[in-house]
Amino acid sequence: MRFYRHLLRSVLLPAYDRIRSRRYMEHSRFLEASQWWQPERLLEFQWAELSKLLRHAFESVPYYQQKYRAAGASFSDIRTWHDFKCLPPLTRQEIQQHLDGLCSTSYKGRLLPHATGGSSGVPTRFYRTRESYDWRTAAKDRVYSWAGLRLGDRSVYLWGAPVGAVPKHMIWKTRIHQAFERQQVFNTFSQTEELWSRIHQEIIRYHPAAIVGYVSSLLQFAEFLRRTKRRIPRVKGVLAAAEPLFEDPRRSIEEALDAPVYNTYGSREFMSLAGECEQRDGLHINSENVVIEAARDRDTPSNLMVTDLHNFGMPFIRYEIGDLGSIKEGRCACGRGLPRLEAIEGRVLDTLRTADGRIVPGEFFPHLLKEVPEFTQYRVEQRTLDRIVISAVMTRELSGQSRDLLDREISKVFGRATRCEIQPVKEIPALRSGKRRITVGMAS
């Protein structure tokens, strides 16, 4: 395992970077060193990167030029962090309405389209760049290394699967990537005893260094192991992603998998934002790549805003991501200079059930509905085992293509007998519980 890890980092990836004009390894080596810098040095680096981004936005991004001019702000005014925090935030609604205007007119590289299901049921389409992707991939790999999973180590993912018709070349590209990084990926959008038994057998055979998964999928796998009195070979760590991790599920997963669980925080807009180190005392922010602000500096959780320091194609500046959190005071005992977040209060995704007793993670629907351009906001409710209702704020009538996609993918996971109803609404009302659920199960 060590030989392949060395081969990957010393030969294969540097060669790939040279051939493809990429900078992953450069950023990875930088991040390995910078995490140990003093907080003051990290802040200096962050401010230098932020200043370059702000100058670029003021000079070449039409929507920011208009927005900041209306707010009475100019680049020369922003001399301190306090000045920066006076800039008006960017909202999901603004991205939906001004996508082209948020793209830089001077950026010459390729813009890569992407989409998110949204932290509050608001799908968002956006662009990223290859340079920003190399930064965020290097940041993600650093976070995973804190849990004992280093690039080139074997890993098992309890994950999702692409929706819709995936081109053959993309299927092969994904398979090659997973083989290259020694990942075994299981689709847990449709959960059965047979699936969990197959994953259990593969973990015994493969001996991964770590397991990565949706919180709900890890929890269901843990319950399977407990119910069937099975064990797995010891792994270095379990990385929980995509959903909030609370203490009771953490303990349950740790007991069944006999390994420490590490909380991570990310989004499709930015990939990895923060993660726990070996101390598991707050989540270290990847502050060389992003700026994360809380609307209120301390105490109670408040709205989080994220600035991506390296997406010059479509800059995200003070973007309201839709999650709640707070900045943790003090420095971590691990010795890293990176700032920390307290536990994140993000979207709540109920698990759903099929008529034949299978469990479907709530993450399935954000994954699916980001592909439906007519939805600007939604909530999914399972009224009965064979009836799912999607309340949606819509820009226009659902197209035949989108309707076919919904019917095909929901039928694939829930079974052909399940009906999916679309209810157009003017707004998504708050639930009486006050929780920000975007998928609601029958028992809720």
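Reply: A definition comes before the details: two strands pair if DSSP finds at least two bridges between them. Strands (E, at least two residues) and helices (H or I, at least four) are DSSP runs numbered from the N terminus. This is a predicted model, in which local features need pLDDT of at least 70, side-chain atom pairs count only at pLDDT 80 or more, and totals for chains, interfaces and linings use all residues. Residues are numbered from 1 along each chain as its sequence is written, and side-chain values use heavy atoms, with hydrogens and water left out.

Me: In what sense do strand 3 and strand 4 pair?

Reply: Strand 3, residues 155-159, runs parallel to strand 4, and five bridges join them. Within this pair, Trp-159 lies opposite Asn-187 of strand 4.

Me: What packs on the sheet there?

Reply: Helix 10 (residues 215-227) does, touching strand 3, strand 5 (210-214) and strand 6 (237-241). Contact means heavy atoms within 4.5 Å. The direction of helix 10 makes about 115° with that of strand 5, where axes are lines fitted to C-alpha atoms, for helices over the stretch in contact, and angles run from 0 to 180 degrees between N-to-C directions.

Me: And what is the order of the strands in the sheet?

Reply: The open sheet has nine strands, ordered 4-3-5-6-7-8-9-14-13, with mixed pairing. Strand 4 (183-187) and strand 13 (327-328) each have a single partner strand, so one side of each is left without a neighbour in the sheet.

Me: Changing topic, how many helices and strands does the protein have?

Reply: The protein has 13 helices and 21 strands. Its C-alpha trace spans about 65 × 55 × 45 Å along the principal axes.
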